[in-house]
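Welcome to this short tour. Please open your viewer and keep the selection tool at hand.

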Amino acid sequence: MNSFRTIINNLFNKHLFITNVASSSLLMAAGDAIEQKMDFADKGESHKWSRTGNMIGVGLLLGPLQHIFYKCIDERFPSRDIRSVFKKIALDQIIASPVYIVAFFICCGTLERKIEESKKEIKNKFFDIYTVDCLVWPPSQFINFFFVSPQFRMLYVNCTTMIYDVFLTYIKHKDTSSSSSGRLQ
């Protein structure tokens with residue numbers, strides 16, 4: 001039991017940045033794998049490992065941004081009172097969400113070598129994603145900012161993101177005709 005506490009202490013105190021970035025990458029990949037499993041199950045298609053690898057890359061790029069953002073808003077609003085929690089939620093929705101949505105498409109486009117297509121995707125899909133984002137994240141972030149300790153905040157977000165990424169990767173890869181299945185590789 002003592003060694004478990006030591007591991008948790010190391011992960012979520014001494015090495016929090018690395019833990020946050022790693023959990024971001026691994027859970028984004030898991031969300032993509034779940035979405036592929038659901039989408040390809042009845043189509044007889046095989047798992048696209050390059051796509052899952054790209055999601056790991058996206059997590060490696062976005063994880064540091066998230067880590068810094070949560071650290072900054074926790075420093076600015078350290079209290080867990082309702083007023084501070086709603087300020088954090090507002091900042092998350094007004095600043096972080098749009099930035100992460102755009103960054104997600106730019107990162108995916110860069111990794112897929114389809115930057116021009118990613119710009120079109122932002123234009124065509126941003127509103128739909130942001131609409132769902134506004135339904136999912138404010139209640140999720142209320143739980144996060146009110147109940148979760150700051151060092152576990154990103155782990156909570158990354159777990160929620162894994163579920164959210166099933167939707168996000170579905171939207172990202174729908175309505176394309178670059179492969180025989182109508183999905184991006």
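We begin with the whole chain and then move to single elements and residues.

This is a predicted model, where local features need pLDDT of at least 70, side-chain atom pairs count only at pLDDT 80 or more, and totals for chains, interfaces and linings use all residues. Residues are numbered from 1 along each chain as its sequence is written, and side-chain values use heavy atoms, leaving out hydrogens and water.

**Whole chain.** Colour by secondary structure: the protein chain has 6 helices and 0 strands, taken as DSSP runs (helices H or I, at least four residues; strands E, at least two) numbered from the N terminus. The C-alpha trace spans about 50 × 40 × 25 Å along its principal axes.

**Helix H4.** Next, select residues 82-111, which form H4. After H4 comes Arg113, with a positive phi near 60 degrees.

**Ile73.** Now select Ile73 in helix H3 (residues 49-76). Is Ile73 buried or exposed? Ile73 counts as buried because its relative accessibility is 5%, and buried means under 20% relative accessible area with a 1.4 Å probe, protein chains only. Show its neighbours: leaving aside residues up to four places away in sequence, Ile73 touches Lys88, Leu91 and Phe145, with contact meaning heavy atoms within 4.5 Å. Finally, draw a C-alpha to C-alpha distance from Ile73 to Asp92: 9.0 Å in space, 19 residues apart in sequence.

How values were computed
The bend at a residue is the angle between axes fitted to the seven residues ending there and the seven starting there. Buried means under 20% relative accessible area, exposed over 50%, partly exposed in between (1.4 Å probe, protein chains only).
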